[in-house]
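My notes follow in the order in which I checked things.

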Amino acid sequence: MTSIPILENPSKEYLFDTLIPSRQPAILRGLNIGNCVEDWKNIEYLKKKCGDKIVSIREFTTENLDFLNKNYEFKNVTFSEMLDLILQSPEVQKMRYYFRSIGENPRKEVSNVDKFSPELSADFKIPIQFESIKEKLFSSILRISSQRIRVWTHYDVMDNILCQVTGDKEITLWPPSDVPYLYVVGSTSSVLDIENPDLLKFPKFQYASPMKGVLKPGDVLFLPSLWFHNTITQTPSISINIFWKHLPDDQYWLKDLYGNRDPIIAEKCLEDLANCIQNIQKMPPHYSNFYLRKMKEMIDAKLNE
Ligand SMILES: O=C(O)CCC(=O)C(=O)O
């Protein structure tokens with residue numbers, strides 16, 4: 001298994017002239033994400049800053065959060081109650097919890113940590129090397145998670161830095177070229193248990209080429225768009241994600257609040273292709289199979305150019 005490369009204190013020039021254009025992920029170490037790394041170790045400090053705010057958390061019993069089959073329920077609690085539930089020691093914990101911040105009006109607004117809690121947000125800084133993404137900022141997301149919670153494998157359509165504030169988080173990544181092996185529905189892989197995959201059901205999964213790494217407090221993962229990712233917390237964990245738009249604004253859907261809807265052109269092309277596949281099947285099978293193969297040949301030729 002390949003390791004996610006670790007870069008010590010990379011310069012802004014290296015990030016924007018080399019790493020980001022390469023479309024390769026990396027764990028960036030030694031960047032400054034603010035005093036949250038120290039201060040947020042203290043639960044009482046967090047409670048004082050934001051304790052009364054009502055938040056919606058996912059509650060569930062198993063290790064693997066399953067987005068496709070929704071094996072969790074939402075529960076409204078105060079931020080303080082949430083911290084007690086999420087950060088309590090695993091020995092006494094009956095249920096597992098995962099919090100992801102959402103917009104104040106969750107149907108209309110993306111998550112923004114500054115709006116969610118200006119007090120908490122004051123402790124977090126986008127590293128100075130990433131200052132320029134502020135102009136193209138899409139969303140910022142606070143994630144707080146119990147120990148050993150696995151977030152399902154999926155891709156997002158925007159570049160992202162995942163900043164680890166407290167705790168350790170194991171990351172598994174697959175390149176966009178692994179899409180044929182991941183049994184993707186929407187932007188989510190159907191292979192839930194990536195450690196013990198059911199190879200009778202998902203035989204192509206064995207051909208995928210994952211990379212692994214562990215984020216420690218203060219680490220920043222550069223996660224390029226379209227890279228599949230799966231995370232599991234090794235300890236209770238707090239992270240902040242920053243997503244930014246690196247395509248022209250008009251290529252994204254205005255109503256995409258989660259940054260995971262395929263860009264406008266891509267979604268339309270996928271719909272057109274689905275229509276072509278449906279239409280050609282109006283012909284007898286010996287014709288439709290022939291033309292489906294011809295279509296596949298057109299696509300394969302393009303991919304091999
Ligand atoms: O860190 C997590 O809990 C999930 C991260 C994630 O899904 C993302 O960065 O898009």
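This is a predicted model: local features need pLDDT of at least 70, side-chain atom pairs count only at pLDDT 80 or more; totals for chains, interfaces and linings use all residues.

**Ligand site**

Residues are numbered from 1 along each chain as its sequence is written, and side-chain values use heavy atoms, with hydrogens and water left out.

Two or more residues of the shell around the ligand come from each of strand E8 (150-154), strand E9 (159-166), strand E15 (228-233) and strand E16 (237-244), where strands are DSSP runs of at least two residues, numbered from the N terminus. I then listed the residues around the ligand (a heavy atom within 4 Å), and among them are Tyr98, Arg143, Val151, Asp156, Lys169 and Phe243. Sorted by class, the shell holds 4 nonpolar, 5 polar and 3 charged residues, with Tyr counted as nonpolar and Gly as polar.

**Polar contacts and cover**

Which side chains have an N or O atom close to a ligand oxygen, taking N or O pairs within 3.5 Å as polar contacts? I found Asn160 with a polar side-chain atom 3.0 Å from a ligand oxygen, His154 with a side-chain N or O atom at 3.2 Å, and Thr231 with one at 3.5 Å. The protein covers 98% of the 290 Å² of accessible area that the ligand has on its own, by the Shrake-Rupley method with a 1.4 Å probe.

**Backbone and domains**

I also checked phi, which is positive, near 50 degrees, at Tyr183, in the loop between strand E10 (169-174) and strand E11 (184-185). Leu226 likewise has a positive phi, near 70 degrees, and is found in the loop between strand E14 (220-223) and E15.

Finally, I recorded domain 1 (2-251) and domain 2 (264-303), with bounds from an automatic or database domain assignment; their C-alpha centres lie 36 Å apart.

Technical notes. A polar contact is a pair of N or O atoms within 3.5 Å; within protein, one must be able to donate a hydrogen and the other to accept it, and residues adjacent in sequence count only if both atoms are side-chain atoms. Helices (H or I, at least four residues) and strands (E, at least two) are DSSP runs, numbered from the N terminus.
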